[in-house]
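Hello,

Here is the structure I promised to pass on to you. Have a look at it first, and then read my notes below.

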Amino acid sequence: FPGGYSALPAYLARGLTLRLGHPVSAIEHDEDGALLRGAWGKLQVDAAILSVSVGVLHSDALRLQPGLSAAHRQALEQIQMGDLERIVLQFPRAFWPASVHYFGAVDVTPAMDFYNLAVVGAPATLACLTGGSHSRRLQQQPLAQAIEEPLAALRSAFGSAVPDPIASTRSTWWTDPYARGAYSVTRPGGTQAARAALARPLGPR
């Protein structure tokens, strides 16, 4: 989504009461409902849907009482979060073929992937994706420094006339405490059945 994935929950939440800025640090649950706790206070609810990332579940950021069952813990051990950084660059003009949805810069190390967001309504905008240790290194740099590597890759591919971007942003999923990684992956030896097991209800509420 050019305007961000927030468009999806905003659409689904029409008519609902939302409490933003209320991070939950603990959930106590039983057959009567769930009690949510955070630095903001507490809230008793009839039921709770837990949709945090696998990265959050692996951390100690959220306390569950009762905790995960043995089956949930076994499933969780088979899944981990991946490393991916997305840097979005908007240019004063497009210098790449307008009909191309995706291209890769393979003559640089490490190679980088670029997605043409203009095809979905974001004028003259590219999203650069890179993973692994390179992703984590870029996330530790200031944005002004981090954009230099995708810019160098673009200039290697399209020439030195590639202009500086007029706007830029990034994902920093690995350092985001509410994500702690990007896109869950199954560990070696794990099975896809682990995802179904992890999705099963933890309790009656």
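Predicted model: local features only at pLDDT ≥ 70, side-chain atom pairs only at ≥ 80, totals over all residues.

You will find Ala124 in the loop between strand 8 and strand 9. Its phi is positive, about 45°, although Ala124 is not a glycine. Most residues other than glycine have a negative phi, and most peptide bonds are trans.

Thr172 also has a positive phi of about 45° without being a glycine. This residue sits in the loop between strand 10 and strand 11. Is Thr172 buried or partly exposed? With a relative accessible area of 21%, Thr172 is partly exposed.

Two peptide bonds are worth a look as well. The bond from Gln65 to Pro66 is cis, with omega near 0°, and Pro66 belongs to the loop between strand 4 (63–65) and helix 3 (70–76). Another cis peptide bond links Thr109 with Pro110, where omega is about -5°. Pro110 lies in the loop between strand 7 and strand 8.

Five strands form an open sheet in the order 7-8-9-6-10, and their pairing is antiparallel. Why is one side of strand 7 and of strand 10 left without a neighbour in the sheet? Strand 7 (102–105) and strand 10 (167–170) stand at the edges with a single partner strand each, so one side of each has no neighbour there. On average, neighbouring strands of this sheet are turned by 20° against each other, direction ignored. Strand 8 (residues 112–116) runs antiparallel to strand 9, and four bridges join them. Within this pair, Asn116 stands opposite Leu126 of strand 9.

Helix 4 (residues 132–139) packs on the sheet and touches strand 6 (84–90), strand 8, strand 9 and strand 10. The direction of helix 4 makes about 120° with that of strand 9. Helix 6 (residues 148–158) lies across strand 6, strand 7, strand 8 and strand 9, at about 80° to strand 8.

Thr130 is part of strand 9 (residues 125–131). Its relative accessibility is 4%, so Thr130 counts as buried. The side chains of Thr130 and His134 are joined by a polar contact of 2.6 Å. Leaving out residues up to four places away in sequence, Thr130 touches several others, including Asp83, Pro110 and Leu138.

Next, the aromatic rings. There are eight aromatic pairs. Trp173 is in the loop between strand 10 and strand 11 (182–186), while Tyr183 is in strand 11, 10 residues apart. At 47% relative accessibility, Tyr183 counts as partly exposed. There is also one aromatic cluster made of Phe91, Phe95, Trp96, Phe103, Phe114 and Phe158.

Finally, the overall view. The protein has seven helices and 11 strands, and its C-alpha trace spans about 65 × 45 × 30 Å along the principal axes. Of its 205 residues, 34% are buried.

Best wishes, and happy exploring!

Terms used
Residues numbered from 1 in each chain as written. Heavy atoms only, no water. Helix = DSSP H or I, 4+ residues; strand = E, 2+ residues; numbered from the N terminus. Buried < 20%, exposed > 50% of the residue type's maximum accessible area, 1.4 Å probe, protein only. Polar contact = N/O pair within 3.5 Å; in protein donor to acceptor, adjacent residues only side chain to side chain. Contact = heavy atoms within 4.5 Å. Pairing = 2+ DSSP bridges. Axes fitted to C-alpha atoms, helices over the stretch in contact; angles between N-to-C directions. Phe/Tyr/Trp six-rings, centres within 6.5 Å; stacked < 30°, edge-to-face > 60°.
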